[in-house]
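The tour goes from one selection to the next.

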Amino acid sequence: SGESPRLASDLVSIATTLGDELAGGDALANYDRALRIFHVQLRPGDVQLSAALVGRAMALGHVDRLDEARAVYGEAIGLLERAGATTRNLPIAYFNRGELSTRLGRCPDALADYARATERFIAQGGTTTSYLLYPLVGQGRCLVRTRRAAAAIAPLERAVAIQGNEGDALQAALAQVWLGRALRSEERRVGKECRSR
């Protein structure tokens with residue numbers, strides 16, 4: 001079909017499969033080719049670009065090009081926000097950018113993105129959607145790591161209460177682990193305060 005949107009969509013599918021196998025470099029090459037085609041074939045701001053942008057950002061993260069990945073997530077988020085899109089790619093992009101910020105030691109940036117992801121997931125799937133596990137655990141983890149264990153308890157308790165699917169087992173376990181750490185840290189802090197009186 002030549003350099004068509006259909007070919008670009010197929011390249012995104014191939015890149016997604018490669019990304020799932022953590023073949024970041026190969027995935028990145030396919031995302032880049034797909035985006036070159038999309039930029040020629042589609043009008044600026046077309047939401048079809050979003051999946052390729054989110055995928056490209058993920059691939060960049062896999063090859064540790066973290067600042068570049070954050071910028072691409074920003075591009076995808078901006079495109080989706082301007083279009084008023086309700087696709088799940090938007091909260092996923094917020095969450096993924098939050099994870100990159102966490103890896104870069106930028107918890108304030110991460111917390112803002114986790115909050116946006118939480119808000120969007122609720123708007124799309126309600127207050128019990130299993131997608132909430134991800135930003136809630138991210139938020140709690142960041143708060144514990146920045147010595148704000150008391151603030152971490154509520155989002156982590158909320159995460160623990162969510163009934164995840166089989167694919168969410170790791171996040172459900174992480175919610176338990178980080179809640180335990182938050183409770184233990186807060187218990188130690190309260191104990192120190194009591195002893196100092």
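## Stop 1: Asp168

Select Asp168 and show its side chain, which reaches the backbone nitrogen of Asn165 at 2.8 Å. This is a predicted model. Asp168 is found in the loop between helix α8 and helix α9, the latter covering residues 169–195.

What is the nearest side chain of opposite charge to Asp168? That side chain is Arg88, and it is 10 Å away. Asp168 is buried and has no salt bridge. Now display the surroundings of Asp168: leaving out residues up to four places away in sequence, Asp168 touches Ser130, Leu133 and Tyr134.

## Stop 2: the whole chain

Zoom out and switch to a cartoon view. The protein chain has 9 helices and 0 strands. Along its principal axes, the C-alpha trace spans about 75 × 30 × 30 Å. The chain holds 197 residues, of which 45% count as buried. Among contacts with a separation of 6 or more, 57% are between residues 24 or more positions apart.

## Stop 3: helix α8

Select residues 149–161, which make up helix α8.

Next, colour the buried residues of α8: Ala149, Ala152, Ile153, Pro155, Leu156 and Ala159. While you look along the helix, keep one rule in mind. An α-helix has 3.6 residues a turn, so residues three or four places apart point the same way.

## Stop 4: helix α6

Select residues 107–125, the range of helix α6, and pick out Thr118 within this helix. Is Thr118 buried or exposed? Thr118 has a relative accessible area of 8%, so it is buried, the cut-off being under 20%. Not counting residues up to four places away in sequence, Thr118 touches Leu132, Pro135, Leu136 and Arg158.

Move to Ala123, which is also placed in helix α6. Ala123 has 67% relative accessibility and therefore counts as exposed. Draw a line from the C-alpha atom of Ala123 to that of Asn165: the two are separated by 19 Å, and the residues are 42 residues apart along the chain.

## Stop 5

Finish with the aromatic rings. The count of aromatic pairs comes to 3. Select Phe95 and Tyr114, a tilted pair with 5.9 Å centre to centre and 40 degrees between the planes. This pair links distant parts of the chain: Phe95 is in helix α5 (residues 89–103) and Tyr114 is in helix α6, 19 residues apart. Phe95 is buried, with a relative accessible area of 11%. Tyr114 counts as buried too, at 0% relative accessibility.

Because Phe95 lies in helix α5 and Tyr134 in helix α7 (residues 133–145), the pair ties together parts that are 39 residues apart in sequence. Tyr134 counts as partly exposed, at 22% relative accessibility.

Show the three residues together: ring pairs link Phe95, Tyr114 and Tyr134 into a cluster.

Notes: Residues numbered from 1 in each chain as written. Predicted model: local features only at pLDDT ≥ 70, side-chain atom pairs only at ≥ 80, totals over all residues. Heavy atoms only, no water. Helix = DSSP H or I, 4+ residues; strand = E, 2+ residues; numbered from the N terminus. Buried < 20%, exposed > 50% of the residue type's maximum accessible area, 1.4 Å probe, protein only. Contact = heavy atoms within 4.5 Å. Expected span 1.5 Å × (residues − 1). Lys, Arg positive; Asp, Glu negative; His and termini not counted. Salt bridge = Lys/Arg side-chain N within 4 Å of Asp/Glu carboxyl O. Polar contact = N/O pair within 3.5 Å; in protein donor to acceptor, adjacent residues only side chain to side chain. Phe/Tyr/Trp six-rings, centres within 6.5 Å; stacked < 30°, edge-to-face > 60°.
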